[in-house]
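Subject: Handing over the structure

Dear colleague,

Here is the structure that I promised to pass on to you. Please open it first and keep it beside you while you read the notes that follow.

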Amino acid sequence: MSELKVTGLTKSYGATRVLNGVDLTVPVGITSVLGSSGCGKTTLLRIIAGFLDPDAGSVRLGTRALVGEGRTVPAHERHIGYVPQEGALFPHLDVRANIAFGLPRRERKNSKVGEMLELVELPSSAARRFPHELSGGQQQRVALARALASDPAVVLLDEPFSSLDASLREDTGRAVARALRARNATALLVTHDQGEALSLADQVAVMAAGRFLQVASPDELYLSPATPGVAAFVGNAVLIQADATGDTATSSLGVVRLRTPATGPVLLAIRPEQVQVRPIGDATGPAVGRVVEVSYFGHDATVRTSVGDHGAVVTARVTADGVPVVGSRVSLTVSGAVIAFPAGQAT
Ligand SMILES: Nc1ncnc2c1ncn2[C@@H]1O[C@H](COP(=O)(O)OP(=O)(O)OP(=O)(O)O)[C@@H](O)[C@H]1O
């Protein structure tokens, strides 16, 4: 499959600008576009697929311009597979006919359908079933099989797991990623779920307000966020003002160790797993907070506490046996080295 390159894409709906000069290179592998609702992810995919024209900019596939540079290739000539959120399958056709739909007549033979079912880890017996006889996860696997059957140059997946429940979402996501990798696909996976983006993709592009804040591998994105906004969005860091003097900074959570030395006003990005919560009196730490909300997940829980005179809310992740009561006062300590951004850096 080929590399997809998007350059300077701009798109407005009426007076509202939705894409603001977007640049992105999608190499072979899985690239995830991660962003909150309404930031322009689907608009980007629809332009790449050819369902929508940009106001400016270009999309290239390998050496071929798909749009921009004076030409517009129609959607059906772009060799792009599209997997939408849900409801992609034709309800009156069985799985075999759904998968074969995009194939030239001479290729609509059993072996190709069987090969695609095997690729997406469905039994060959699924071929005779109709979409309403499949689970949501199985339907999405068939939708991917249909998109891949015609050997597209690029596969676009628009929140393909968002209608599935949590456990099915994880299993289906892994199966889809395995199938894409087995085909050596160039895939663009749109999601607003950071866990999905970080766990499935080779490259993650974080989008906000019609532009990319950072494009990096999952671990680089998590460990070295480019801006406070990326740190807050990926990994749910709390941003706290502090005063840095070299290796440490003084904040409302006490003196914390910095990942890289800094001097003067900084914005700390503190992740929930870095905040230790203990009952007051049990080795009280440098800061005291009041528990305002607890979300219990079983394997762990997140505890939101209000700290200091201005009531800054700090989130901590605690083990299931260490969950404090809402309204109680707790001692807070930050462990490990913390990421610091210069105060005033754009988000
Ligand atoms: N055809 C349209 N006409 C006018 N505004 C539109 C149109 N399509 C989308 N928008 C607006 O453009 C913005 C971006 O929409 P888009 O669907 O690209 O976002 P998204 O990131 O995919 O959101 P979601 O995750 O909720 O699907 C939104 O504010 C949306 O309301």
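A residue is near a molecule if its C-beta atom, placed from the backbone, lies within 6 Å of it. The ligand is, in that sense, surrounded by Y13, V18, G35, S37, G38, C39, G40, K41, T42, T43 and H192.

Before going further, please note that this is a predicted model, in which local features need pLDDT of at least 70 and side-chain atom pairs count only at pLDDT 80 or more, while totals for chains, interfaces and linings use all residues. Residues are numbered from 1 along each chain as its sequence is written.

The shell around the ligand divides into 3 nonpolar, 7 polar and 1 charged residues, where Ala, Val, Leu, Ile, Met, Phe, Trp, Tyr, Cys and Pro count as nonpolar, Asp, Glu, Lys and Arg as charged, and the others, Gly among them, as polar. Its largest share, 3 residues, comes from helix 1 (residues 41-49); helices (H or I, at least four residues) and strands (E, at least two) are DSSP runs, numbered from the N terminus.

An open sheet of 6 strands has the order 7-8-9-3-10-11, with mixed pairing (two strands pair if DSSP finds at least two bridges between them). Strand 7 (80-83) and strand 11 (211-216) each have a single partner strand, so one side of each is left without a neighbour in the sheet. Strand 10 (residues 203-208) runs antiparallel to strand 11 and is joined to it by 5 bridges, and M207 stands opposite F212 in strand 11.

Helix 4 (residues 136-149) and helix 5 (residues 166-182) have axes that come within 10 Å and cross at roughly 20° (axes are lines fitted to C-alpha atoms, for helices over the stretch in contact, and angles run from 0 to 180 degrees between N-to-C directions). The two helices are therefore roughly parallel to each other, a term for angles under 35 degrees. Their contact is made by G136, G137, Q140, R141 and L144 of helix 4 and by L168, D171, T172, A175, V176 and A179 of helix 5, two residues being in contact if their C-beta atoms, placed from the backbone, lie within 7 Å. These residues divide into 5 nonpolar, 4 polar and 2 charged. Helix 4 also lies across strand 7 and strand 8, running at about 170° to strand 7.

Finally, an open sheet of 5 strands has the order 14-18-15-16-17, with antiparallel pairing.

Best wishes

Methods. Parallel < 35°, antiparallel > 145°, perpendicular 65-115°, else oblique.
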